[in-house]
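Q: Could you take a close look at one strand in this model and walk me through what surrounds it? I'd like one connected answer.

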There are 2 protein chains.
Amino acid sequence: MPSITCSGSIALDTTRTPFKTAEMVLGGAASYFSLSSSFFAPTSIVSVVGGDFPDKYWQILAKKANIESVQRKEEGKTFHFDSTFSFDLYHRQANKTELNVLGEFEPKLGSEAAKSEFLYLATMPPQKQMEVMVQAKNKKLVFMDTIEFYIKTELPKVQQVITMVDGVVLNDAEARMLTNESNLVKCGKKIEALGPKIVIIKKGEHGSLLFFKGKVIPFPAFPLEVVVDPTGAGDAFAGGLVGSLAKQNATNPSLEQLKVAMGYANVCGSLAVEDFSVDKLVSTNNAEIEKRFRDYCELLRI
Amino acid sequence: MPSITCSGSIALDTTRTPFKTAEMVLGGAASYFSLSSSFFAPTSIVSVVGGDFPDKYWQILAKKANIESVQRKEEGKTFHFDSTFSFDLYHRQANKTELNVLGEFEPKLGSEAAKSEFLYLATMPPQKQMEVMVQAKNKKLVFMDTIEFYIKTELPKVQQVITMVDGVVLNDAEARMLTNESNLVKCGKKIEALGPKIVIIKKGEHGSLLFFKGKVIPFPAFPLEVVVDPTGAGDAFAGGLVGSLAKQNATNPSLEQLKVAMGYANVCGSLAVEDFSVDKLVSTNNAEIEKRFRDYCELLRI
């Protein structure tokens, strides 16, 4: 079976919502991504943690993913992100971003990570994303994400990475900033024009848009009555997307294969927000994922 | 074939966008609704215009709808709405709202309007909506809309109308104000609990949610690269919805019939915004509507 490698952050998150505060819980793009993608295909993580990283979180990741390429810097501290959500859980304010060991991170892919056909470059400095790509000798399909910070500070490098990948997964604000366009259909087409054959723009609770071969395909989010913690939804979404493509062995995906993958992406994103931290991704199972996928497809069918 | 009656405003709109200003053009909920619904089933309008209402607009409405119940008050002026859209066409600021003849409007349904099985109560004071309902002797399926102004100033009356109808069509801001809830799934369920068996929450470019028999079904908007004038999208949406239900003779619609109607609602809403005023609804045809409906269903199919 094809496998997946994901490079990106492992974090200790402090998440403050109007209902509860969770302190120093497992977070980071690579955690959400891999706990989601590993339901579909074997996943390796490329990341770094500090000496303070709790053993119980190490075990959660080790149980679901290959972590031979996760460096443990005993003398340092794990990346820490502290944020507060607004009453409607729609707006998030960053209180503290302590990069710690992530600031000096030099990604090194072990033998398993280097073998994967599917590669996901979660947010990292664009230079590091390129270094991961170089080391992933067997890559066939590469997706990337980035954030407004790197679009602002390292635009030419971000654009260079975009020209090197097959797929881009961004949220609406990032897509607008990258392209200087307001209309998201125009944004997507401008990003497509940079080279990647697959562009996905995420709109949180409002769903997502897939751009592929001149088509623009809208996907609503799975409607949820209770959202507990929106952290990581986008990374769990990407995990379902790349996971499903790997499971389909779709190194050169068709529109049909991409639509199935977008369905699983929406399912994983919706599961992730139903509990704090990665708790729901840890407690869910294949049966629940498959049921929600069938429900989602059925909802959309006219 | 079953027929439709729509009560609501006919307006002269002045619409200012960053690209163009259209002055004193045909607008109003009843215009957008009926120019959309009349593609599906015969439609009667219940409304009022002033002596200044241009003959060319009268002809546009007369050609597509039965206007025997549109009063013409020669001594008065037509309802005039002047508004400015933000650069991204997402936010609208009202500059002037001159009710004119609409302020004193006493709806009177002629024989054709009173015969319709399908009734759409576009925004009007809730007392007037009730008067229309009383006069619509043959009504089998009734939908209503309202605006934040009446939710703020006449909440008990608005709630009373809601208990009397089969379906409610609101936008997200109205649904939140009506229910005091932030989460739209909770909003929809609270409105359902007031009595109507069909609740639809519109989210503009982000699509819509249908609440029916305990299910929550999300519909994305048809993705558009060029939006010219968002005015009337919600009323054109409602016209496609009620129009399609009438064409299906669905006085007691099934989920399947409602999904088809939501598809046509999205199609009509997306067409309406492609040109200023009602221009696109006037220039389009059945073939274009059917093609976009097939495209929409195909986009959604996983």
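A: Two strands count as paired here if DSSP finds at least two bridges between them. Keep in mind that this is a predicted model. With that, let's go to strand E8 of chain B, residues 118-121.

Start with its partners. On one hand there is strand E1 (residues 4-7) of chain B, which pairs with E8(B) in the parallel sense over 4 bridges. In E8(B), Tyr120(B) has Cys6(B) standing opposite. On the other hand there is strand E9 (residues 141-144) of chain B, which also runs parallel to E8(B) and is joined to it by 4 bridges. There, Leu141(B) in E9(B) stands opposite Phe118(B).

Now the two faces. In a regular strand the side chains alternate between the two faces of the sheet. In E8(B), Phe118(B) and Tyr120(B) sit on one side, Leu119(B) and Leu121(B) on the other. These four are all buried, and both faces of the strand are covered.

The largest nonpolar core has 192 residues, and Tyr120(A) and Tyr120(B) touch the most other members of it. Who does Tyr120(B) contact, leaving aside its neighbours within four places in sequence? The list is Ile4(B), Cys6(B), Phe33(B), Phe143(B), Ala238(B) and Val242(B). Ile4(B) and Cys6(B) fall within the residue range of E1(B), while Phe143(B) falls within that of E9(B).

How does the chain get from E8(B) to E9(B)? Together with helix H4 (residues 126-135) of chain B, the two strands make a right-handed β-α-β unit.

For the helix, hop over to chain A. Chain B can be laid on chain A with an RMSD of 0.0 Å by a turn of 180° and a shift of 0.0 Å along the axis, which is the relation of a two-fold axis. In chain A, the buried residues of helix H4 (residues 126-135) are Pro126(A), Gln129(A) and Val132(A). Seen down the axis of H4(A), they fall within an arc of 115°, so they line one face of the helix. Exposed Gln127(A) and Val134(A) are carried on the face of H4(A) turned away from that buried side. And what covers the buried residues of H4(A)? The cover includes strands E1 (4-7), E4 (43-50), E8 (118-121) and E9 (141-144), plus helices H5 (148-153) and H6 (155-164), of chain A. So in chain A, strand E8 is part of what covers the buried residues of H4(A).

How values were computed. Residues numbered from 1 in each chain as written. Chains lettered and ligands numbered in written order. Predicted model: local features only at pLDDT ≥ 70, side-chain atom pairs only at ≥ 80, totals over all residues. Least-squares fit on C-alpha atoms with pLDDT ≥ 70 in both. Core = buried A, V, L, I, M, F, W, Y, C linked by C-beta atoms within 7 Å. Buried ≥ 20, exposed ≤ 12 C-beta atoms within 10 Å, placed from the backbone. Contact = placed C-beta atoms within 7 Å. Arc of directions from axis to C-beta. Right-handed = clockwise from strand over helix to strand, strands pointing away.
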